[in-house]
Amino acid sequence: MTNAPLSRTVTVLNPQGLHARPADMLVRTASKFTAEIMIGKDSELVDCKSILSLLTLGAAQGTKLTLTATGTDATEALESIAQLFDAGFDEIDSAKGVEPVVDS
Amino acid sequence: MKFADFITKDAIRAELKSETKEAVIKELVQALLDAGEIDADQQEDIVASIMKREELGSTGIGRGVAVPHTKHPSVQKLVGTVGVSEGGVDFDSLDGERVQLFFLLISPPERPGDHLRALENISRQLRDETFCRFLKQSKTADDIHQLLQEADDNQFVSG
């Protein structure tokens, strides 16, 4: 394919923001791909395969993040990761948007 | 957010004695109780809810660091402490490494932002390898506290 980075914007939808468990989910998903995947606010992009780096973003609910991927499976990588954000990392009650009992 | 905003000095523990995940969590919760940050009658429930969170996925985030935590209605503000284990504890970490450095956090349920900012602060500071190494080598609670103060004063990170 191409070596030019693909890019898209994702939004943190879940009320708890990008805390440890969503960060863990992101790393696990990103690590399935060989593409270099970066995420962050504006110019501050960090490695999407490092939980420690993801937590430095401190991304609260409503934060828009830029997601980039470079590599042969970049398209699939972006799609899989965007799905996690769209699903609110499975932390959004579909009816009311209420937090689950056990979270964070 | 700075360490001083959520780390209780009197609850900091160097040379943790515990050798299992549950024991180290209990030891650090006990430290917060001894420092007067949590209620005695809530202690067991707090330990149980931290353990329940661990079942969802280990908070051992790699590099020998773990951030066991929970929300709990009995606290009015984010409270936390730091513990160091010289030999390390098997914490089912994401990278499989033993954990030497623990940041235990308890936050009020309605304040997810504070929890996020505490995690942000911890992770930003720990990106500095010198800070991380010095913390793990600390032999006394005073040493740990001094390192946290230096980090708060931006002596380890420039940004």
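I took two strands to pair if DSSP finds at least two bridges between them. I also noted that the model is predicted.

**Entry 1: the sheet of chain A**

I looked up strand 1 and strand 4 (residues 64-70) of chain A and found six bridges joining them, with the two strands running antiparallel. For A:R8, I found the bridge partner A:L67 in strand 4 of chain A. I then followed the whole sheet of chain A, which is open and has four strands in the order 1-4-2-3, with antiparallel pairing. I recorded strand 1 (6-11) and strand 3 (44-47) of chain A as the edge strands, each pairing on one side only. The twist from one strand to the next averages 30 degrees. I saw that helix 3 (residues 74-86) of chain A packs on this sheet and touches strand 1, strand 2 (36-41) and strand 4 of chain A. The direction of helix 3 makes about 5 degrees with that of strand 1 of chain A.

**Entry 2: two helices of chain B**

I looked up how helix 4 (residues 129-137) and helix 5 (residues 141-152) of chain B pack, and noted an angle of about 165 degrees with the axes 9 Å apart. Angles over 145 degrees count as roughly antiparallel, and these two helices of chain B are therefore described in that way. Their crossing is left-handed. I listed B:F131, B:F134 and B:L135 of helix 4 as meeting B:I144, B:L147 and B:A151 of helix 5. The residues of this contact are six nonpolar, no polar and no charged.

**Entry 3: where the chains touch**

I found 15 residues of chain A in contact with 24 residues of chain B. On the chain A side, helix 1 (20-30) and helix 2 (51-55) are the elements that give two or more residues. I sorted the residues of that side into seven nonpolar, six polar and two charged.

Definitions and conventions. Residues numbered from 1 in each chain as written. Chains lettered and ligands numbered in written order. Predicted model: local features only at pLDDT ≥ 70, side-chain atom pairs only at ≥ 80, totals over all residues. Contact = placed C-beta atoms within 7 Å. Nonpolar A, V, L, I, M, F, W, Y, C, P; charged D, E, K, R; others polar. Axes fitted to C-alpha atoms, helices over the stretch in contact; angles between N-to-C directions. Parallel < 35°, antiparallel > 145°, perpendicular 65-115°, else oblique. Left-handed = near helix turned anticlockwise from the far one by under 90°.
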